[in-house]
Amino acid sequence: MPRPSLAFPRLVGFTLAPLKPAFLIFALSAALAGAATPEAPKLLLDDNVVPQRYRLDLTLVPGDDTFRGSIEIDVRVVKPTGLIWLNSQDLNIRAVSWRAGGGNMTPALTAEQHGFIGLEFDRPVSGEATVSFDYSGTIGLHSNAGIFALNEDGETYIYSMFETSDARRAFPCFDQPEFKTPWQITLHVPRTASAFANSPQESETPESGAMKAVRFRESKPLPSYLVAFAAGRFETVDAGRVGHAPLRIIVPRGHTAAAGFAAKSIPQLLAIEEKYFGRPYPYEKLDSLVMPISNFAMENAGLITYSQSLLLADPADDNIERQRECALVTAHEMAHQWFGDLVTTRWWDDVWLNEAFATWMERKIVGEWKPEWHFDVVGVDSRLSSMDLDSLVSARRIVQPIESDSDIANAFDDITYEKGSAVLRMFEAYTGPERFRRGVQLYLQRYEWRAATTEEFLSAVSEGAGVDIAPAFRTFLDQTGVPLVTMELNCSGARPLVHLSQKRSLPIGAPQAPSQVWQIPVSIRYRAGARDRNLRALITTEHRDLPLPGGACPVWLLGNDNADGYYRVHYGGDLPDRLFSARGPRLSAAERVSELGNALALVDTGDVAPASALALVSRFAGDPNHDVVEQAMDIAGILERPDVPGDLRPSAARFIGEAFGARAEKLGWAANSGDDEETRLLRARLVPFVAGDGGDRRLIDGAASLARRWLKDRAGVEPDLVQPALEVAAQFGDRDLWDTIHRQAIAEKDPAIQERLLRALGSFRDPTLAEASLQLLLKHEFDARVTFRPLLAGPLDYPETWDLPFAFVSGHLDELLSGLPREVGNDYASEFPETGKVFCDAGGRRDVDDFFRDRVKNYSGGERILRQTLETIDTCIARRKALQSGIAEFLRSH
Ligand SMILES: [Zn+2]
C-alpha cells in the first residue's frame, strides 16, 4: 500500500476529505418514483451474491476530465433475492441490465448511498447471471484516488489507485478484498498513447477518431483493489526477466536514463524473493510504473506504481539514501505480489497480513542483497518507533475490529506495518528462520489465488514450522501495548536464577491500565564461567524464575539477545552498568541500537533517570555504525523536547556540540574520495544535526555556502548532501534565501528536485518565513498533493515554529479543506489534529481538543488521531513534572 517514505517528515498516514460528488447520480430508480428506498449496508456486502468474472471496458483520454465505461460482471446468486447491493461511487450510470437463462431484465437502480447502489427486481433472481452497466465518471485532477491524472513536463498521464475502497469510483463492483475473480480489461486510448494493465497486452485494434482499442489478457484472480491501469505517452525500459516473467520500468517521457538503478536492482530483488517463497513470481509480467508524485507506492498485481522520486534518479544526482529507499520499497511492493496479491487478506482487519509481512520481508530481502547495508539494524530502529506509538493507551491493536470507514483508515498505521513486522521477526527467531519459512510456504500453497485470515495464517505457519505459535502470537495481535520485562539476578541460592516479571510499559502519568499478560518468547544472553551462553524461554505468566546454567553468577546479562524481541527490558540492580562496562558483552550494531533505544524508552516510563540515559550519549557518539550514532542523537533529543524549558536550550545545544561536535567537524560538508557508504550516511545525518541542533556556526556557514552553490547551477555538491545542506541553510536562512527557493520550486520540472526544495521551504525557523511557507498551502502555485506534508509538518520540528501549524490550520480550516486533494487510505484532514502534538500545557491541550473534538468526526480516521494527539500532550505534561529537575540538574553539571 502507499507506504510513507522513511526519509520523509511524517505526520502519520494521510488522505483527503471525500470531495462532494462531482455530479449527481441519475438513478433510474424507485427513489424518483417515490417508493421507499431500501437502506444500503453500513460497511460490508453480504455474500449471497458472489462475483465470478469481470469484463471492463474504459475510454481514457489524457487531458479529459471524464471517462466512459462499461462493465459486465458474471455473478452467482446463492439464495433467491429481489434486491442486490454492490459498490459504486460518484459514477453516472446510464444503463443497467441483468441477463440470465437467455432472458434480459432491467432492474431498478436505487440512489447511491455512501458508495453502495442497489438493484431492485420485480421478482426474485438466483443462480448464474451477468449484470452490465454503462456509465461515466470523473478523472481526478486534484486527487490520487480512483482514476486520476498527473502532469509531467507538459504531458498528461492517467493512472488508477484503488486501495482500499476506491475501485467503486472507476466501475460498479463488489469492492471487498475477499472477492477474487479474473478480470478482462480493454482500454480505448488515443493512438499516440500507450496503455497498461495488470496483464500483458493481447491485441491492439485501430478505431475511429485516432483512437485504438488495447485489449489485455484475462488476469489471474484479483480483488477489485488490486486492479490497475494507466494511459499516456509513456516510455519503457527493459529490465530483463525473472523466470517466465518479463520486467519493465514504465516512465514518463524523457526519463528512461533515470531508471538505471531500478532496472538493475528490481530483477535481483525479485529473484531473491522467489527463492525465499520457493515458488515463482505469480503473474505473467511485472511492470513498475512511475507516477510524478511524491511518497507513494502501490502493489497492484503485475503493475506496481511508484512515485517518481523513489524509482528514478538522474545518475549524476543519485544518492545512497535514495538507492536504499528504492531497494526497500521495491522489495516491499514485490513481496506483496505473494503476500496480499496471490493470497489476499479477507477483510481489512487482517491487513497486517499484507503490510507487516511486506515490511518484514523488505529488510530481509534487501539485507540478503546487500549485507553491508545492515538492514537488521533498520528493523530494530523501526521497532523502537512503533513501541512509542504502542505505548499510548489509545494505540490500536494489530488486529483491530473494523466497524467503520474510519477504522479502515486507521488500519494503515505503524502498529500494522512496524509492530506487525517486529512481531513476525520475534516469532521467526523463536521457531528458527528455516522452520518459519516452511510455514510461510505452506500458507501460500494452501491459500494461493484466494483470501485468508489471521487464524488461517497462524495455523498454516504453525503446521509448516512444526511449532504451535498461534496462542503466543495472538497475545501480540489482539492486545495493545508493549510488554516491559523486569530482569533481576538472584545468585543467593544453590543455582543462579534470573527472575522475570512482565507488565505493560506505560509512559509517566498514564492512567492505570488493567494488568496484561503476554506469551513472550524471551531470549537472553549472559556470561557465566568462561563462555557466553544463550537461554530461550516462552514466558506465559506474570512472574517466572529461570535457572541460568553455567554454575557461576553471570558477569553480565543481555535481556534481548540479537534484538529480536518485541519487549522492553528493565534491568534490576547493577545489570545496566555491567552491560555497558568494559567487561560487558560484545554487542552487535542491532543490539547497541536496541539497548540504547531501550534506555531512552525507560526514561519515558520513569524507570531510568534521564542522566543515566544521557551518560550513554558520549559513550556511543563515536560508534562505527551510523544507526547507533543516530540512536545516541535520539537520546540527546530528550533535551530538546517540548517539556524542557526554553531557557535550557542553549545548554542542550552545548551538550550536543560537546558530544558530537568533533566528529561532525572532522567529517565536514565535503566527502573524501575514499569514504565508504557508512561514512557518507553518517555525514549526511550527523553534520546537519550538529549544525542545526548543536548550533555549530562553522557547519551552518558551510551548509549555507553549499546550498547557494547548488541553487546557482544544481552542481558542485555531493548528491547525498544536497538535502541536508538545503535544510540547514533554510533553518538559519533569510528572506532572500526563502525567495530564491520559492522561485526555483515553482519553476522546477523534476518532481524529485521540487520535493527537495519544498522540504527546504518547510524548514525555515524564522517564524515569519515559516508562516510564509504555510501560506503557500492556500495558494495554487503548486499541486497540493506535493506541498501538503513538507509544508505543514516541517515547522513541527523546531521550537521557534512548532506552534505555527496548529494556529494556521485552526485559522484557515475551511480554505484548507476546500483545496485539499483526495488521496488513498484515509484523510489528509484527519491528520490536522497532529499539528497540536507539540503542545505541553493544559491550555494548548484545551485549544486542540476544543477545536477538533466535533470536527474530526467528519475526517476518516480522525477521531483516533485526535485521541493519540491529546494523549501525547498529556504525557508531555506529566513528563515535564517528573523529569524537568533531573534534566536541568544534568545540564548544570555539564
Ligand atoms: Zn505495503
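**Buried residues and helix contacts**

Mentor: Arg879 is buried, with a relative accessible area of 11%. Buried means under 20%, exposed over 50% and partly exposed in between, using a 1.4 Å probe and protein chains only.

Mentor: One caution: this is a predicted model, where local features need pLDDT of at least 70, side-chain atom pairs count only at pLDDT 80 or more, and totals for chains, interfaces and linings use all residues. Residues are numbered from 1 along each chain as its sequence is written, and side-chain values use heavy atoms, with hydrogens and water left out.

Trainee: Which helix is Arg879 found in?

Mentor: Helix α27, residues 862–892. Helices are DSSP runs of H or I with at least four residues, numbered from the N terminus.

Trainee: And what does Arg879 touch?

Mentor: Ile508, Asp604, Arg641, Asp643 and Gln884, not counting residues up to four places away in sequence. Contact means heavy atoms within 4.5 Å.

Trainee: New topic. At what angle do α6 and α13 cross?

Mentor: Roughly 15°, and the axes of α6 (residues 375–391) and α13 (residues 589–604) come within 8 Å. Axes are lines fitted to C-alpha atoms over the stretch in contact, and angles run from 0 to 180 degrees between N-to-C directions. That makes α6 roughly parallel to α13, a label for angles under 35 degrees.

Trainee: Which residues make the contact?

Mentor: Asp376, Val377, Val380, Asp381, Arg383 and Leu384 of α6 meet Ala589, Ala590, Val593, Ser594, Gly597 and Asn598 of α13.

Trainee: What about α17 and α19?

Mentor: Helix α17 (residues 677–692) packs on α19 (residues 719–731) at about 5°, with axes 10 Å apart. The pair is therefore roughly parallel.

Trainee: Last one: what is the mean pLDDT of the chain?

Mentor: 92, and 95% of the residues reach 70 or more. The scale is the predictor's confidence in each residue, from 0 to 100. Over residues 2–34 the pLDDT is below 50. Beyond near neighbours in sequence, that stretch has 104 contacts in the model.

Conventions. Helix = DSSP H or I, 4+ residues; strand = E, 2+ residues; numbered from the N terminus. Parallel < 35°, antiparallel > 145°, perpendicular 65-115°, else oblique.
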